[in-house]
Amino acid sequence: MSARGARLRRVRFTGGRLGTLDLGTADIDEVELRGIRIDYLTLGGARIEDLLIADCVIGSLDLPQA
């Protein structure tokens, strides 16, 4: 799933599996990731105000300039 440059506010992702979650350069505020298996999560250059990651399995995490 590519959400590069997206504006996410008050969003909840619950359960399931994502191969890739690309949130690079996104604006993130009040976002919750819960119970998800994510093979590759990138937050490079993202502007993060409030992000909760709970009960997730993350294979690779990429956080440059987040």
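## A look at Glu32

Let's start with Glu32, which sits in strand β3, covering residues 27-34. Strands here are DSSP runs of E with at least two residues, helices are runs of H or I with at least four residues, and elements are numbered from the N terminus. This is a predicted model, where local features need pLDDT of at least 70 and side-chain atom pairs count only at pLDDT 80 or more, while totals for chains, interfaces and linings use all residues. Residues are numbered from 1 along each chain as its sequence is written, and side-chain values use heavy atoms, with hydrogens and water left out.

Is Glu32 buried or exposed? Glu32 counts as buried because its relative accessibility is 15%, and the cut-offs are under 20% relative accessible area for buried, over 50% for exposed, and partly exposed in between (1.4 Å probe, protein chains only). Its side chain makes a polar contact of 3.4 Å with the side chain of Arg12. A polar contact is a pair of N or O atoms within 3.5 Å; within protein, one must be able to donate a hydrogen and the other to accept it, and residues adjacent in sequence count only if both atoms are side-chain atoms. Setting aside residues up to four places away in sequence, Glu32 touches Val11, Arg12, Phe13 and Leu52, where contact means heavy atoms within 4.5 Å.

## The whole protein

Now for the wider view.

What share of the 66 residues counts as buried? The figure is 35%. The accessible surface comes to about 4,000 Å², with 45% of that belonging to carbon and sulfur atoms. Accessible areas come from the Shrake-Rupley method with a 1.4 Å probe, and for residues only the protein chains shown count as cover.

## Strand β3 and its partners

β3 pairs with several other strands. With β1, β3 pairs in the parallel sense over seven bridges; two strands pair if DSSP finds at least two bridges between them. β3 also pairs in the parallel sense with strand β5 (residues 47-48), over two bridges, and four bridges join β3 to strand β6 (residues 51-54), again running parallel. Asp27 has Arg47 in β5 as its bridge partner, while Arg34 stands opposite Ala54 in β6.

Asp29 is another β3 residue to check out. Asp29 is the bridge partner of Arg9, and a polar contact of 3.3 Å joins the side chains of Asp29 and Arg9. With a relative accessible area of 15%, Asp29 is buried. Beyond its neighbours within four places in sequence, Asp29 is in contact with Arg7, Leu8, Arg9, Arg10, Glu49 and Asp50.

## The nonpolar core

Which residues have the most contacts inside the largest nonpolar core? They are Leu21, Leu23 and Ile28, in a core of 15 residues. The elements giving two or more residues to this core are β1 (7-14), β2, β3 and β4 (37-42), and β3 gives the most, with three residues. A nonpolar core is a set of buried Ala, Val, Leu, Ile, Met, Phe, Trp, Tyr and Cys residues joined through side-chain atoms within 4.5 Å.

In soluble globular proteins, nonpolar side chains tend to be buried together. Leaving out residues up to four places away in sequence, Ile28 touches a list of residues including Leu8, Leu23, Leu43 and Ile48.

Thr20 belongs to strand β2 (residues 17-22) and is partly exposed, with a relative accessible area of 37%. Thr20 touches Met1 and Tyr40, not counting residues up to four places away in sequence.

Thr25 lies in the loop between β2 and β3. Phi of Thr25 is near 60 degrees, a positive value in a residue other than glycine, and Thr25 is partly exposed at 34% relative accessibility. Over in strand β3 is Glu30, whose phi is near 60 degrees, a positive value in a residue other than glycine. Glu30 counts as partly exposed, at 31% relative accessibility.
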